[in-house]
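Biologist: Hi! Could you walk me through how the chains meet in this one?
Modeller: Happy to, let me put it up first.

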Amino acid sequence: MTVSHRAGLSRRAFLSAAGALGAATFACPSILRAQGAAIKVGVPTILSGRVAILGETASVGAKMAVDAVNAAGGIDGRMIELVIRDTKGKPDEAARITRELISNDGCQVILDAEASGGAFAVHEVVRDAGTYCVHSISETSSLTADPANTAHWIFRSGRQGIHDAIAGGLYASELAKAGVKRWATCSPDYAYGRDTTAEFMEFLTIFAPDVKLVGETWPKVFQPDYTENITNVLNLAPEALYTCLWGGDLVAFFDQASLYGLFDQFQTVAVNMGDAPVLEAIKNLPAGIHSGNRYHKDIPDSEANETWNAEFRKSGKLPTNWGWQAYTGARFVIEALKATGGGTDRDKLAEATKGRTIDSPHGVNGTVTMRESDNTLVDYALGYGKTISEAPYLTDFQPTAWDVILEHETEWKKRKGFI
Amino acid sequence: MSRMHPFARAGLLALAALCGFVLVGAASPGTWLLDTLTGLFAAGLLVMSLHLLIGYTGLISFGHAAYYASGGYIFGMVLQTPAFVAACGAWSVPLATLLAVCGTGLFALLVGSICARLSEIYFAFLTLAFQMLFVSIIQGLVQYTGGDQGLTGGIPRPAFLGLDLVQARDRYAFSAFLFVAGVLAVRLITLSSFGASLRMVRDNERRAAFLGVNTYAVKVLAFTAAGSIASLGGVVLAVFTSAAYPEWAGWSVSGEAIFMIMLGGLHSFWGPLVGVVAMRVINDVTLLYTTHTELAKGLAILFVVLVLKRGILDWLTDWRKARRKSPSTKEQRHAAP
Amino acid sequence: MLDLDALLNCFSATSCLVTQASTGVIIGMLLFLVASGVTLIFGVLHVVNFAHGAFYMIGAYTAWSAYGATGSYYLAVLAGALSAAVIGVLFERLAISRVYRENLLMQLLVCYAFVLVADDAVKMIWGAEYLAMGIPAEFRVPPYRFAGGVVPPFYVFLVATSLAVAVACLLLIRYSRFGKIVRASAQNATMVSVLGIRVPVYFAALFGLGCALAGMAGALAAPVRSMTPGMGLSILIDSFIVTVIGGMGSIPGALLAAVMLGVTRSFGSLGFPLFVDGAMFIMMVAILVFRPQGLLGEKALR
């Protein structure tokens, strides 16, 4: 009695026909034919909704890496095929799609380009299924730092919240030493916003114990109107404001805050300002805003990075933090596959990824490494700079020394009971 | 068969369906079909329980997803309490399911008794307001509910009655059971004399009141029953994803449930299930060619509303009747809600 | 949690009081500007325009393009309002007019379908990235200060525009010939058409006006808000809260409700920052339970 409208269409039939479409979500001009059987890499990501730009730029990054290796002949003649699917930013959709990618689409490798909650959902699936996976977008430290989450076949190729917090705290402590003692925060009220802000304040207090947190305000994510938060901050009369608002929210916040002359009154540390789409969207960018680097073509100031930036922009999209992270994730997958000669055995791939150092236009010294102890990325360009009102919008970049970061990260892990 | 009491017939049908599902599950080679069907079961429970309100009682609830999510959350939170699992052992999962249903039922009873005094648009908005309040509460009580990240860390699912819910097939079988049970419950309600009261309230509330029906009580009971059955959908989702997320109580989930009902057909029992499948088909087929699933869905809905002017199953039924050219088909259509 | 000290401190300091009160009024008037279209359409046509957020979005995006092309903020606002009006009229003729007499669900469905199509269309035309207009040169001036409080001129302009809109709508609906005809048609279209008046034209015009208000709101607020496809959703929820609390169909009610909500948000973010949203929903629940017709609405025929 159950009415089924599947009308006899087997999804497998559809997909094998559509298999060559692969990353059919974008007008992909070069659909390469597989010579040997293609190696399929599943990419669950966000392609719709407010954060669609995350998936779009991550896809460009991943495709850059994959197209390059395919053009050079693939892995021993076998092409790599990216199967990019939209999770709509919903965690249970992410879980379902990852399962489908593995069981139905034959992906033996997952390059996870989902963020925060979605990444955890994907994580549970690849743990259960035992599939090799590289998380490329999630910045939540506990994904790799917490031993309860670890699995030797799962890696992270993106930045970590804790690294940013240490770098930020260190940078801000210089401001504190110059007399900026009263701090206020204005960050989005959800897990990322709360954790990142708390970590920043934790490290600021470690490096400059005499700073005082005079108040916090927590707008909701995607809140259109920040007026009450802005006037709150004005009432608190701090000497510096910290915010980890990002993307469109940061743009709106800046526009609204500049009406109140906020940026003339105190220093601002906007962690996520250094993102190309944000920098180019804010007209009349105030100068002197301290910002972390999400992705910037001058950080690191190398030719490889300039080339990468130009290459990325050919896609018509602006390079973002998500773009370089997905690119890096794809690079690690490719290098691992090269080492195993195209074999997709999970343990062999994991072995080939662990502790590996690869050349990277985004690495501090031209390389980035997948740290052996907890399967996460280190040595990527990290630091803070100040904004200026015209291109390239960010200047005076001060990279944070990785040995300092690592030292404090270890202490933080001990404090949290992770080691 | 036609001499049998309708309840017995429904029960037998349910049993047959359950056996069918389990056989399909056992025979299926990969896990794709099982996962897809599990997703459809959860949506089906949400939609059929809402159908009890919209199609049979004439109550349009914009906030039904709250009970869906509440089922998942209660189930998950209960099982994440070590004391509970220790105490109940092998009976943890069935008891947690029962608790989810009862807890949600209480919640629905509370909200329903406040909302049922109002009608039409005001009722709809009030249910929506309660749903948004519920989401605010979940996101606020971060220590208990995990806040906006949802219940993390996985939900322990101790094996029971030979079923290990970590295994795809067993999980599917459990979901199929909950689905069949939920739909059977809705069917039994609509077949019963209470169901007749529901239809009376839907068609003409004043007349029903004149006949001595306590329309307020009828509405509250319907709301409670619908909420309780929706919670089963939440349990299915929680088992499937080993988590619970505040998005499940979002108004877009409620909205999509309404659209699935409208898409499938308001005037028959099975219409909403047709809508669930249809929506999924539109989504998946579109995804094969383009990312513009929203556009496709929008156009499909416009087509159904403006061209067909009624749900798919309703249209099919009317078309079949017109073909058979029977004389008084106009009387046989349900009155418009 | 509850920070009553901060709240009481604020009441005692004039500068804080002025800033927060003006903030409340500003937030409220912006809310009203956005919600006015819904109230207008419901009040006259008894149709809930669930696609309201989509028209807000269309207005904002059109204004962005117009501003980029002409450099004039006022032309951009006009363009935003006009585009929303035109699309609104088309939508009304093609879709809404067929579901006037249908129930709420059909209206909801039709509007939802439109929202889906509009969101994707916007994404296709302008892309999925967020866009920002930037504050026009004439408003890039330091904020006004009085009694220690801070008020930006741009918001003063928006508040004034909001008030003007409110008054204009009220006058139009209550006293003008157009308003009387539309209200009469909504009550008894047959009789009005018997008098030789082309009722569908008036309905379409009113719906277009409501959409124009939404589009204008989107365009007016564009300088300080970033745009993404799908931005209409949060606007829709806010508009409904305002409309329900104020009274569905009452423009003065919507004004009052909006300012109340604005002040709640403003002082609430000091006193109970984590429950500001919750407080708004509780207000909505309270109104619906104790006074379903809203603060200034007419008692509904139940």
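Modeller: Below we go through two interfaces, and please keep in mind that this is a predicted model.

Biologist: Great, let's start with chain B and chain C. How many residues does each give to the contact?
Modeller: Chain B brings 38 residues and chain C brings 36 residues.

Biologist: And what area do chain B and chain C bury between them?
Modeller: About 3,600 Å², with 83% of it on carbon and sulfur atoms.

Biologist: How many salt bridges are there across the interface of chain B and chain C?
Modeller: The rule finds zero between chain B and chain C.

Biologist: OK, how many residue pairs in polar contact, then?
Modeller: Between chain B and chain C the count is one residue pair, taking pairs with both residues at pLDDT 80 or more.

Biologist: Which elements of chain B give two or more residues to the side that touches chain C?
Modeller: Those are α6 (120-140), α12 (251-264) and α14 (293-308) of chain B. The largest share is from α6(B), with eleven residues.

Biologist: How do the residues on that side of chain B divide into nonpolar, polar and charged?
Modeller: On the side of chain B that touches chain C, 26 are nonpolar, five are polar and seven are charged.

Biologist: Nice. Switching over to chain A and chain C, how many residues are in contact there?
Modeller: Chain A has 37 residues in contact with 37 residues of chain C.

Biologist: What about the buried area for chain A and chain C?
Modeller: That area is about 3,200 Å², and carbon and sulfur atoms give 53% of it. On the chain A side, R50(A), E228(A) and L259(A) lose the most area to chain C, together 22% of what that side buries.

Biologist: Which elements of chain A supply at least two residues of the side that touches chain C?
Modeller: α2 (52-71), α8 (227-236), α9 (247-259) and α11 (276-281) of chain A. Nine residues come from α9(A), the largest share.

Biologist: Last one: how does that side of chain A divide by residue type?
Modeller: The side of chain A that touches chain C has twelve nonpolar, 13 polar and twelve charged residues.

Definitions and conventions
Residues are numbered from 1 along each chain as its sequence is written. Chains are lettered from A and ligands numbered from 1 in the order in which they are written. This is a predicted model: local features need pLDDT of at least 70, side-chain atom pairs count only at pLDDT 80 or more; totals for chains, interfaces and linings use all residues. Side-chain values use heavy atoms; hydrogens and water are left out. Contact means heavy atoms within 4.5 Å. Buried area is the accessible area (1.4 Å probe) that two parts lose on being put together, summed over both. A salt bridge is a side-chain nitrogen of Lys or Arg within 4 Å of a carboxyl oxygen of Asp or Glu. A polar contact is a pair of N or O atoms within 3.5 Å; within protein, one must be able to donate a hydrogen and the other to accept it, and residues adjacent in sequence count only if both atoms are side-chain atoms. Helices (H or I, at least four residues) and strands (E, at least two) are DSSP runs, numbered from the N terminus. Ala, Val, Leu, Ile, Met, Phe, Trp, Tyr, Cys and Pro count as nonpolar, Asp, Glu, Lys and Arg as charged, and the others, Gly among them, as polar.
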